[in-house]
Amino acid sequence: VAIKGIERELICPACKELFTHPLILPCQHNICHKCVKEILFAFEDSFADGGSESSNQSSPRIRISASSMDRIDRINRSGIKRNSLTPRSTLFPCPSCQRDIDLGERGINGLFRNFTLETIVERYRQAARAAIAIMCDFCKPPPQESTKSCMDCSASYCNECFKIHHPWGTLKAQHEYVGPTTNFRPKILMCPEHEMERVNMYCEICRRPVCHLCKLGGGHANHRVTTMSTAYKTLKEKLSKDIEYLISKESQVKAHITQLDLLLKETECNSERAKQEASQSFEKLYHVLEEKKSAALRAIETSKNIRLEKLQTQVEEYQGLLENNGLVGYAQEVLKETDPSCFVQTAKQLHVRIQKATESLRSFRPAAETTFEDFVVDTAKQEDILGDLSFHSNGLEIPEINEEQSRMYNKALISWECPGKTDSADIYVLEYHKLNKEEESVTWQKTEVCGKSKVLSDLDNDSSYAFRVRGYKGSICSPWSREVIMHTPPAPVFSFLFDDKCGYNNEHLQLNPRRTSVESRAGFPLLLGSERLQVGCYTTLDYIIGDTGIAKGKHFWAFNVEAYSYLVKVGVVPSNKIQKLFHNTHDVTSPRYEQDSGHDSGSEDAFFDSSQPCTLVTLGMKKFFIPATSAAPKDPASRILPLPSCLGICLDCDRGRVGFYDAGRMKCLYECEVDCSGLMYPAFALMGGAAVHLEEPVTAKYREYHDDI
């Protein structure tokens, strides 16, 4: 193989020059030792400075691509931080595979030097400078041309100097020597993690040489390893077979090269044709705009001439009202007529004109408007359309925002998918804006997303937002998706967990380990309790409260009630009534707890509501029950609503009001006054088979990039 024909394989992907002391990355790509250090310096500066431009300027030798810097910024934004409690791990953006590689705790020191590649590069350099000889390092001036190099001494010698420094019968005579070279590498490859140990095994999982200490107690303890000789033989056989196969397919490779050459020419021709078509399309737009411009200017000019003519005529009429001029002058001459019959004949018509002039003088009004407000061209919509002007492709699917997977809580999670379930776009652009009736023009905020979901944290509370998304594949984009309107919570989200200490009945209620879900089971304890019940009596509820209270301000929290739940009450309770809540003997499932009331007038409802220590609404059997108050509808059927999939409570301590919301649509179902004199706690009550799950906060999730070994 001609050594000059493999130059492409000997170029570092970072500095675009021949490799210098190449290192093997975990992704099996090679890079100069100096380039690794410079990229890592730029990478560390991006964490410290929060930007990548200044870091890139400080490394003039390497050419970090825009995609590499974008990945540095992405990892910086993802919040990957190191502290004293976590092992130090170095992330490196590989310029070859465009992935973020974990170099481990040792960083650069854990990488192997690729001596084989280094030797090939040296042979290439020697072939490139064949006329330049390597001189002897020990000759007296003038030095002679060297004939061999000693790998143990790391020096080059002529024949005479080699005999002097490597005499027969000594240990130096056994040194390994090769042809003249400037590339000296160690005879034994040492382990980078255990510097005093020689590598003698090959890890098949990590695909790298290791020593026996790495296998005994290091990072390769549980990995499958083989001896170095076996790995050498196996890999050499595979490589030889693959090379032989490629050589045997030389005619096929040449055919592919010919086909690719034709594709190159075809691409050139098609690109020129596409440029011409794009130019023609824009020329058509220019032509339409020029026509519209000419028509608008002609209309303005015509209107100007008409108005000037009217105003000039009015000026001439008013000039005629001056003394000895125009109409007044003519009337003065008519007054000189002494013949009555002739005067009357002329003065009658003249008097009418004089009266009209007098009236116009009293109510002066210009004959034409001076403003051209009717000729203002509104191009806002056209500007938006032109702003979206791009290459549209029928092959790129229109994404659709999935309203079921999207959430509005402490942050906004917007998810979308393609109808064909294929990820045909390289990147997506999500746009959103706040709905405001007062604003005439709409300003969309834009963000680029690599995946199919985005978490937004800069939205205002108690607001409505419109969202839309489109996909991009290179310079081609899909049309915008259908706009979806979503509503943010009416107040900042209040985070808490269920309290497993204050009044918690672990016999009837069951909490999950994270204390975000509570379940009431109608099991054996409830069956035993029914033995003490008489006809007409009802069992009590099992209460549980939040572990955090609210002293002031406006707060919102959401939760889910299982569809099978028989009876659940939700609301708030002040701190001074918590004890009464858990020991209230009148707290029963029916408002008419007195079995001998004897009638169903509902008079007991008022007594029951006033006796309650907390403000609660009733849920159950997939229904939401609006409490029977003076402001509520009289018809009981109209007070029963379908149970939303997610419920929310908004507590405004400053106004003394609490609202119950359909958290999916952020629509208020019921609102009432509440006494907020003390610390307020979220309260829940369950009976029978029921379960309540607190809504989990929306957190930013970033895709992790791991090395595919």
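Buried means under 20% relative accessible area, exposed over 50%, and partly exposed in between, with a 1.4 Å probe and protein chains only. By that rule, Arg-224 is exposed because its relative accessibility is 52%.

This is a predicted model: local features need pLDDT of at least 70, side-chain atom pairs count only at pLDDT 80 or more, and totals for chains, interfaces and linings use all residues. Residues are numbered from 1 along each chain as its sequence is written, and side-chain values use heavy atoms, leaving out hydrogens and water.

Start with the whole chain. It has 14 helices and 34 strands. These are DSSP runs (helices: H or I, at least four residues; strands: E, at least two), numbered from the N terminus. Of the 709 residues, 34% are buried.

Now return to Arg-224. Its partner in a salt bridge is Glu-204, with the closest N and O atoms 2.7 Å apart. A salt bridge is a side-chain nitrogen of Lys or Arg within 4 Å of a carboxyl oxygen of Asp or Glu. Glu-204 counts as partly exposed because its relative accessibility is 35%. The count of salt bridges comes to 19. Glu-431, Lys-446 and Arg-468 are linked in a network of them.

Arg-468 also touches Ser-481. Here a contact means heavy atoms within 4.5 Å. Ser-481 lies in the loop between strand E20 (476–477) and strand E21 (484–487). Is Ser-481 buried or exposed? It is buried, because its relative accessibility is 6%.

Finally, look at helix H9 (residues 326–334). Its buried residues are Leu-327, Gly-329, Ala-331 and Val-334. They pack against helix H10 (340–362).

Note on methods:
Lists of a residue's contacts leave out its neighbours within four places in sequence.
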